[in-house]
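Thank you all for making time this morning.

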Amino acid sequence: MKIIGISGTPGVGKSSIATELSKLLGLPRIDLSKEVIERGLYVEYDEHRRSYVIDEDAVRRYLARLYDEIGPYILDSHYAELAPKHLVELVFVVRLDPAKLIDRLLARGWPASKVAENVEAELLSVPTLNAIEELGEELVVEIDATNRDIASIAREIVDILFGERPAFLGHTIDWLETMPRDRLERVLRFVEMHRS
Ligand SMILES: Nc1ncnc2c1ncn2[C@@H]1O[C@H](COP(=O)(O)OP(=O)(O)O)[C@@H](O)[C@H]1O
Ligand SMILES: [Mg+2]
């Protein structure tokens, strides 16, 4: 086993799934956002977007060094594709119905503009496309977490890792094609209204 990435838009359930997976597999969970801040793996803090701009090369070096030190781990990160390709087992991109994501992120107390930015990214499959760009389709699997409990999602991931369930590689979930029209329009209106 190599590095198992759990990626996706903020709020889709990465940390919940990665924590459960860590128990099932007995592997450590690395929360990359926390490491980035604690180890200063960023270039600057973007006041407007209220987020750190990561130093991608420093993060790549850190992830490779960590693998040398502790062996396989679960990488819980919005940009899990920064794990060096030769050290990646698979990156699972967690997907969530964008209408549900709006509710989740608003419940977190996030400003509507930041919610809109992230919901737009989910709608357009940005985390998946980024992962494929870095790693290629053969290392990326999307998981639809909508209306599913954490335990069953974590089990599905374990089954895929051990070849007990087929993995559909690459970009397989497109909300623009599968969401009912009225629901999609509601999401688009929210994004349009609040995007800065
Ligand atoms: N499959 C799920 N079903 C119900 N609630 C979930 C599910 N996944 C995550 N949540 C809840 O949604 C919120 C965001 O989940 P979290 O794991 O922190 O997401 P992320 O790490 O991707 O930002 C948490 O309150 C969590 O309890
Ligand atoms: Mg998280």
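This is a predicted model: local features need pLDDT of at least 70, side-chain atom pairs count only at pLDDT 80 or more; totals for chains, interfaces and linings use all residues.

Residues are numbered from 1 along each chain as its sequence is written, and chains are lettered from A and ligands numbered from 1 in the order in which they are written.

Let me begin with the open sheet, whose five strands follow the order β2-β5-β1-β6-β7 with parallel pairing; strands here are DSSP runs of E with at least two residues, helices are runs of H or I with at least four, and both are numbered from the N terminus, and two strands pair if DSSP finds at least two bridges between them. The edges are taken by β2 (29-31) and β7, each with a single partner strand, so one side of each is left without a neighbour in the sheet. Inside the sheet, β1 (residues 3-7) and β5 (residues 74-76) run parallel and are joined by three bridges, with Gly5 finding its bridge partner in Leu75 of β5.

Val140 belongs to strand β7 (residues 140-144). Is this residue, Val140, buried or exposed? Val140 counts as buried because it has 29 C-beta neighbours inside 10 Å, where buried requires 20 or more other C-beta atoms within 10 Å, exposed means 12 or fewer, partly exposed lies in between, and C-beta atoms are placed from the backbone. Val140 and Gly5 are 135 residues apart along the chain, yet their C-alpha atoms are separated by 9.1 Å.

Turning to the hairpin, β3 and β4 have four residues between them, and Arg50 in the turn shows a positive phi of about 50°. Four bridges hold to the antiparallel arrangement of β3 with β4 (residues 51-54), and Glu44 is partnered there by Val53. Of the five residues of β3 (residues 42-46), zero are buried, so this strand lies largely in the open.

Next, the ligand: 13 residues surround ligand 1, the closest being Pro10, Gly13, Lys14, Ser15 and Ser16. Helix α1 (residues 14-25) gives the most to this shell, with three residues. A residue is near the ligand if its C-beta atom, placed from the backbone, lies within 6 Å. The axes of α1 and α7 (residues 150-161) come within 9 Å, axes being lines fitted to C-alpha atoms, for helices over the stretch in contact.

Technical notes. Axes are lines fitted to C-alpha atoms, for helices over the stretch in contact, and angles run from 0 to 180 degrees between N-to-C directions.
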